[in-house]
Amino acid sequence: MTLLDGKKVSNDIKDEIKAEVDKMKANGEKVPHLAAVIVGDDGASLTYVGSKVRACERVGFESTMVRMKHTTSEIELLHKIKELNEDDNIDGFIIQLPLPPQINTQKVLMAVDPSKDVDGFHPENFGRMALDMSTFIPATPFGILELLERYDVDTKGKHTVVIGRSHIVGRPMSILMSRKGWPGNSTVTLTHSNTKNITQIISQADIVISALGVPNFLKAEMVRDDAVVIDVGITRVEDETAKKGYRIVGDVDFENVSKKASFITPVPGGVGPMTIAMLLKNTLLAREQRKG
Ligand SMILES: Nc1nc(=O)c2c([nH]1)NC[C@@H]1CN(c3ccc(C(=O)N[C@@H](CCC(=O)O)C(=O)O)cc3)C=[N+]21
């Protein structure tokens, strides 16, 4: 079994990005500037945005955290987005999800200038991704592709089973794994809450990508020998012995599944850190494209 070490790979990527930024500085060029908008003060969202800001500092990017109260109206948020779209200093920005119920997420994501949409959530960018055009690939799927690439995982002709059809992970992942090229060229099955015989389908997978958010969902009996297992789950569970009072757990029964898998991502330290590294990569790309 080979551990797909997202922590290590994400640090390698950050070092590579930092080297690029150092060159920009030496040339007297403007460095990439990422803004992150967070509506409300949900603990998990704040942690993630905090990690993004710290990652920016680490590679030498500028960053701005825009905090808005949880009662923010849709109009107020759209106004803020317009400001960020027009701000020449900002190369890319993200709207942290989920948004409170009074705000229509789709409307908000469509208001982001596609050239600054480093999450890749705008329909134009999502469509470009599906059509193999250059674009911002959503950070989590992008991070998974990068892990498969850096560990030389063969995906051609393999059966990839994606669990979960969310707009930010499962759906884009299913498209990306079926694309021509590598990583890609997989035969993809996208499973979800209405899928019949899901365990039977999973048992036929060469590559399993679980983005469900159900702790311990994927058990050793469910996966075939030598399967590649990617765990996108990040559920917080209370743990008094932990520093923060909680720990995060994935969808996979790691202890047992890892005995059977050929490659497997841990949680924490797998897909999560890769998401952050790829957001930085998209932001660097956004800066380079703005230079023209
Ligand atoms: N507009 C938007 N873009 C996102 O990319 C986005 C989002 N909204 N909403 C929420 C999800 C979730 N997400 C994570 C980022 C980093 C870790 C991460 O670094 N995880 C660490 C542990 C972090 C911890 O200890 O809590 C790990 O897995 O090792 C996890 C999850 C980005 N998301």
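**Entry 1. Domains.** I looked up how the chain is divided and noted domain 1 (27-113) and domain 2 (139-273). I am working with a predicted model. I then looked up the separation of the domain centres. Taken over C-alpha atoms, the centres of domain 1 and domain 2 are 27 Å apart.

**Entry 2. The ligand.** Next I asked which residues surround the ligand. I found 18 of them, and the closest are Tyr48, Leu97, Pro268, Gly272 and Thr275. The largest share comes from α10, with four residues. I also sorted the shell by residue type. Eleven of its residues are nonpolar, six are polar and one is charged.

**Entry 3. Cis peptide bonds.** Leucine 97 is joined to proline 98 by a cis peptide bond, with omega about 0°. I placed proline 98 in the loop between β4 and α4 (105-111). Another cis bond runs from valine 267 to proline 268, with omega near 0°. Proline 268 sits in the loop between β11 and α10.

**Entry 4. The three-stranded sheet.** I traced an open sheet with the order β3-β2-β4 and parallel pairing. From one strand to the next, the twist averages 15°. I followed the pairing of β2 (residues 33-39) with β4, which is parallel and spans four bridges. In this pairing I found alanine 36 opposite isoleucine 94 of β4. Helix α2 lies across β2 and β3, and it runs at about 170° to β2.

**Entry 5. Two helices.** I stayed with α2 and looked up how α1 packs against it. Two packed helices are described by the angle between their axes and the distance between the axes. For α1 (residues 6-26) and α2, the angle is about 55° and the axes are 8 Å apart. The two helices are therefore oblique to each other. On the α1 side, the contact is made by Lys14, Ile17, Lys18 and Val21. On the α2 side, I listed Ala55, Arg58 and Val59. The residues of this contact divide into four nonpolar, no polar and three charged.

**Entry 6. The six-stranded sheet.** I then traced an open sheet of six strands, in the order β1-β11-β8-β7-β5-β6, with parallel pairing. I checked which strands stand at its edges. They are β1 (2-3) and β6 (187-191). Each has a single partner strand, so one side of each has no neighbour in the sheet. Helix α7 (residues 170-178) packs on this sheet and touches β5 (159-163), β6 and β7 (207-210). The direction of α7 makes about 170° with that of β6. Inside the sheet, β8 (residues 228-231) pairs with β11 (residues 263-264) in the parallel sense, over two bridges. Here valine 229 stands opposite isoleucine 264 in β11.

**Entry 7. A positive phi.** Last, I looked up aspartate 132. Its phi is near 65°, a positive value in a residue other than glycine. I placed aspartate 132 in the loop between α5 (123-130) and α6 (139-150).

Note on methods. Residues numbered from 1 in each chain as written. Predicted model: local features only at pLDDT ≥ 70, side-chain atom pairs only at ≥ 80, totals over all residues. Near = placed C-beta within 6 Å. Nonpolar A, V, L, I, M, F, W, Y, C, P; charged D, E, K, R; others polar. Axes fitted to C-alpha atoms, helices over the stretch in contact; angles between N-to-C directions. Parallel < 35°, antiparallel > 145°, perpendicular 65-115°, else oblique. Contact = placed C-beta atoms within 7 Å. Pairing = 2+ DSSP bridges. Domains from an automatic or database assignment.
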